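Here's a quick briefing to read with the model open beside you. Take it topic by topic and find each piece as you go.

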Amino acid sequence: MSATVIAWLVAMNPDPVPSLLGRATEVLDAEFARLPDYERVADSGEEAIAGVLDDVAHRLRDNYPYFHPLYAGQMLKPPHPVARAAYALAMKINPNNHARDGGRASSEMEIEAVAGIAAMFGWKSGEFLGHLTSSGTIANLEALWVAGQVSPGKRILGSEQAHYTHGRISAVLKLDFKQVATDNRGRMSLEALEVELRQGNVGTVVVTMGTTAIGAVDPLVEILALRERYGFRVHVDAAYGGYFGLIADDLDSPTRQAYGAIGGADSIVIDPHKHGLQPYGCGCVLFRDPAMGRFYKHESPYTYFTSSQLHLGEISLECSRAGAAAVALWATQRLLPLERGGEFAKGLAKGRRAALEFDRRLREDARFEALGGGRPELDIVVWKMRAADPEAASELAQSTFIACSTRDLHLALVQLPLRWFDPAASSEKSSGANEGKAGLVRCLRSVLMKPEHEQWLDAIWERLMAASREATEA
Ligand SMILES: Cc1ncc(COP(=O)(O)O)c(C=O)c1O
């Protein structure tokens with residue numbers, strides 16, 4: 001690409017962050033202007049830094065263009081400019097949200113931002129416990145660690161479509177994790193769950209609200225009813241799907257009802273670094289009962305003496321945590337409050353509409369097979385290539401994936417149970433639980449999580465058409 005073309009592209013779509021950051025940096029510098037001047041050591045000189053940054057920019061070219069609407073593969077989307085600028089601004093201070101003396105302002109901002117997230121689930125400040133974590137995995141680890149403290153020696157159940165880390169986390173915590181079968185929509189089978197509950201010794205059920213593979217939402221309402229009968233903790237893993245309650249009216253039944261019940265969980269994990277427009281390094285765990293804080297109680301000989309206020313390190317398993325992550329989240333939620341009908345919710349709704357339209361087109365085209373159980377629950381679309389047998393379908397998915405990427409359309413591949421594509425499986429009722437281990441087939445998958453995807457659906461579809469023609473004829 002010539003320098004002129006690059007300059008034209010940049011002019012067409014300028015990145016607002018550098019100028020926003022320049023302005024905000026001046027404001028921040030003014031806040032500390034009273035301090036005497038000092039000479040910085042080891043800055044290497046601007047020219048040398050600029051040279052290295054040029055190298056960095058060139059090296060970063062070796063990536064899929066996650067920010068672009070033609071990237072429609074994995075759960076990846078760019079942080080909002082306000083989050084990028086706020087994160088970079090906070091880097092000037094580099095606060096650490098372990099103890100107050102590592103980050104006073106950013107600790108307060110974390111508490112406020114987390115309260116904003118909890119409010120989405122109907123939880124009020126002072127009536128829950130929660131904090132940010134460096135990832136969804138660490139957030140789930142904290143939730144399962146607390147679960148193990150509440151009922152030591154009891155089993156953890158999660159569906160076979162629950163995120164793979166639940167099994168690993170349980171192994172690290174020395175808790176017994178058992179997979180529960182799913183139905184043909186990838187939701188936890190209530191029948192299979194009850195079989196396990198009758199066997200007893202269940203401490204916690206992990207309910208996934210938005211599975212990683214297809215965005216399936218486990219039947220939370222029914223699982224909460226089972227909690228009344230059998231007595232166990234309900235941990236909701238909404239790392240991916242947690243924000244969809246803001247557009248519950250756009251979801252089908254029974255997904256909508258599941259979102260309405262989320263506040264009844266004992267703990268919730270949600271990842272602002274997935275659908276919350278944040279840079280990586282931002283997960284969040286919430287506990288409905290603030291008394292869970294007692295399990296975190298520990299002494300630190302170095303840190304907790306400077307303030308009598310709560311230090312977030314006192315209620316978190318991690319020690320150092322990026323204060324900048326809290327600053328970025330706070331700034332994003334100030335600009336885009338987590339409200340039904342607000343700008344943020346409208347962005348989610350656009351991705352959801354794109355997914356429904358994509359799924360509709362796939363169902364009308366004989367070359368593809370959509371899920372037998374019905375349309376997507378959130379904004380993730382999966383489909384199988386129609387072929388003589390599962391092996392041929394898997395190969396065709398792989399070659400279509402490659403043919404798409406040569407057209408700058410980036411999708412993802414996923415291994416799914418073959419039975420999910422059986423049209424006879426279209427009833428809401430579970431049939432998978434009793435079928436035993438069915439065969440798997442490699443499918444195409446698209447996470448339409450950027451608001452721009454709605455506008456770009458025709459361009460995505462055109463490229464998929466050309467790619468599947470090329471792959472089929474090869
Ligand atoms: C449902 C679910 N839970 C947990 C995780 C793990 O989160 P992280 O990658 O932030 O550790 C993911 C990641 O995709 C997920 O989709």
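Aspartate 408 counts as partly exposed, because it has 13 C-beta neighbours inside 10 Å. Keep in mind that this is a predicted model. Below, we start with a few single residues and then move on to strands and helices.

- Aspartate 408 sits in the loop between α13 and β10.
- Aspartate 408 isn't a glycine, yet its phi is positive, at about 65 degrees.
- Asparagine 94 also isn't a glycine, and its phi is positive too, near 55 degrees.
- You'll find asparagine 94 in the loop between α4 (81-91) and α5, and it is exposed, with 12 other C-beta atoms within 10 Å.
- The peptide bond running from serine 253 to proline 254 is cis, and its omega is near 10 degrees.
- Proline 254 belongs to the loop between β5 and α10 (255-260).
- For background, most residues other than glycine have a negative phi, and most peptide bonds are trans.

*Exposed residues and distances*

- Tyrosine 38 is in the loop between α2 (17-31) and α3 (46-59).
- Is tyrosine 38 buried or exposed? It counts as exposed, since it has 6 C-beta neighbours inside 10 Å.
- Tyrosine 38 and phenylalanine 121 are 83 residues apart along the chain, and their C-alpha atoms are separated by 48 Å.
- Glutamate 462 is part of helix α14 (residues 457-473), and with 12 C-beta neighbours inside 10 Å it counts as exposed.
- From glutamate 462 to phenylalanine 401 is 61 residues in sequence and 14 Å in space, C-alpha to C-alpha.

*The parallel strands*

- Take strand β4 (residues 202-208): seven of its seven residues are buried, so the strand is largely enclosed by the rest of the structure.
- Strand β2 (residues 155-159) runs parallel to β4, and four bridges join the two.
- Strand β5 (residues 233-238) is parallel to β4 as well, with five bridges between them.
- Valine 205 of β4 makes a handy landmark: leucine 157 stands opposite it, and in β5 its bridge partner is valine 234.
- To get from β4 to β5, the chain goes through helix α9 (residues 220-230), and this β-α-β crossover is right-handed.
- β2 also pairs with strand β3 (residues 177-180): the two are parallel and joined by four bridges.
- Across that pairing, glycine 158 has glutamine 179 in β3 as its bridge partner.
- Together, β2, helix α7 (residues 165-172) and β3 form a β-α-β unit, which is right-handed.

*The antiparallel sheet*

- Which order do the strands of the open four-stranded sheet follow? It is β8-β9-β11-β10, and the pairing is antiparallel.
- β8 (368-370) and β10 (412-417) are at the edges with a single partner strand each, so one side of each has no neighbour in the sheet.
- On average, and ignoring direction, neighbouring strands in this sheet are turned by 45 degrees against each other.
- β10 and strand β11 (residues 440-447) run antiparallel and share six bridges; within that pairing, leucine 413 has leucine 444 in β11 as its bridge partner.
- Helix α12 (residues 343-364) lies across β8, β9 (380-385) and β11, and it runs at about 15 degrees to β9.
- Helix α13 (residues 390-405) packs on the sheet too, touching β9, β10 and β11, and its direction makes about 30 degrees with that of β11.

*Helices that cross*

- Helix α5 (residues 104-120) packs against helix α11 (residues 323-335) at an angle of about 50 degrees, and their axes are 8 Å apart.
- That angle makes α5 oblique to α11, and the crossing is left-handed.
- Residues making this contact include Met109 and Ala113 of α5, and Leu329 and Trp330 of α11.
- Helix α6 (residues 136-150) and α7 have axes that come within 10 Å and cross at roughly 50 degrees.
- This makes α6 oblique to α7, and here the crossing is right-handed.
- Where they meet, α6 brings Thr137, Asn140, Leu141 and Leu144, while α7 brings Thr165, His166, Ile169 and Ser170.

Note on methods:
Residues are numbered from 1 along each chain as its sequence is written. This is a predicted model: local features need pLDDT of at least 70, side-chain atom pairs count only at pLDDT 80 or more; totals for chains, interfaces and linings use all residues. A residue is buried if 20 or more other C-beta atoms lie within 10 Å of its own, exposed if 12 or fewer, and partly exposed in between; C-beta atoms are placed from the backbone. Two strands pair if DSSP finds at least two bridges between them. A crossover is right-handed if, with the strands pointing away from the viewer, the path from the first strand over the helix to the second runs clockwise. Axes are lines fitted to C-alpha atoms, for helices over the stretch in contact, and angles run from 0 to 180 degrees between N-to-C directions. Angles under 35 degrees count as roughly parallel, over 145 as roughly antiparallel, 65 to 115 as roughly perpendicular and the rest as oblique. A crossing is left-handed if the near helix is turned anticlockwise from the far one by less than a right angle, and right-handed if clockwise. Two residues are in contact if their C-beta atoms, placed from the backbone, lie within 7 Å.
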